[in-house]
Amino acid sequence: MSMDDLLSTVRAFDGVLELAPTAGGDAPPLAWGDHFFYYAPDGVLPPGQPYATVVTKDYPGDVSSRLDAPGRWRVNVHVGRGRFTDLLGYEPRAVPEGPDHAQPDVLLPHPVYAGLGWVAVVTPGAATLPTVLGLLREAHEQARARWSRRVEPH
């Protein structure tokens, strides 16, 4: 699955709001070409972080995935601390030394935000694509639940 195919899949989720900064917009140039996903059926950017991102380049302090090489991109998904442990076998704040964050098609702790329950996959392929798509759906549903708690009367 190409990056465009993955983006099309996420865009088809109900209530998704995608921020995809481009040249000439309000976002800093560093964010141009990347994608940030929220649950917002009203089209209003909710408070907090996105539930998933697709990044196409290295960021300052986040270069271990080597995304500046041609054809590389990374899916990042907030899965929460419990799901993170289920997936990777250790606590988010106990990431062992030395995961090679540049490995493609391997589910890994996010190189910067693992401690907050984020996982990442560089250029998903046959080994990780079903898992990545499932995690994106789960993250979307969790974001929907958070949104519902905020907007529904108590």
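Predicted model: local features only at pLDDT ≥ 70, side-chain atom pairs only at ≥ 80, totals over all residues.

Residues are numbered from 1 along each chain as its sequence is written, and side-chain values use heavy atoms, with hydrogens and water left out.

**Helix 1**
- In helix 1 (residues 3–11), M3, L6, L7 and V10 are buried, that is, under 20% relative accessible area with a 1.4 Å probe and protein chains only.
- These buried residues line one face of helix 1, because they fall within an arc of 100 degrees seen down its axis, the arc being that of the directions from the helix axis to the C-beta atoms.
- They pack against strand 1 (16–19), strand 2 (35–39), strand 3 (52–55), strand 4 and helix 3 (129–151), where contact means heavy atoms within 4.5 Å.

**Helix 2**
- In helix 2 (residues 80–88), the residues G80, F84 and L88 are buried.
- They cover an arc of only 80 degrees around the axis, which puts them on the same side of helix 2.
- Their cover includes strand 4 (74–78), strand 5 (108–109) and strand 6 (118–122).

**Helix and strand assignment**
- Helices (H or I, at least four residues) and strands (E, at least two) are DSSP runs, numbered from the N terminus.

Key
Buried < 20%, exposed > 50% of the residue type's maximum accessible area, 1.4 Å probe, protein only.
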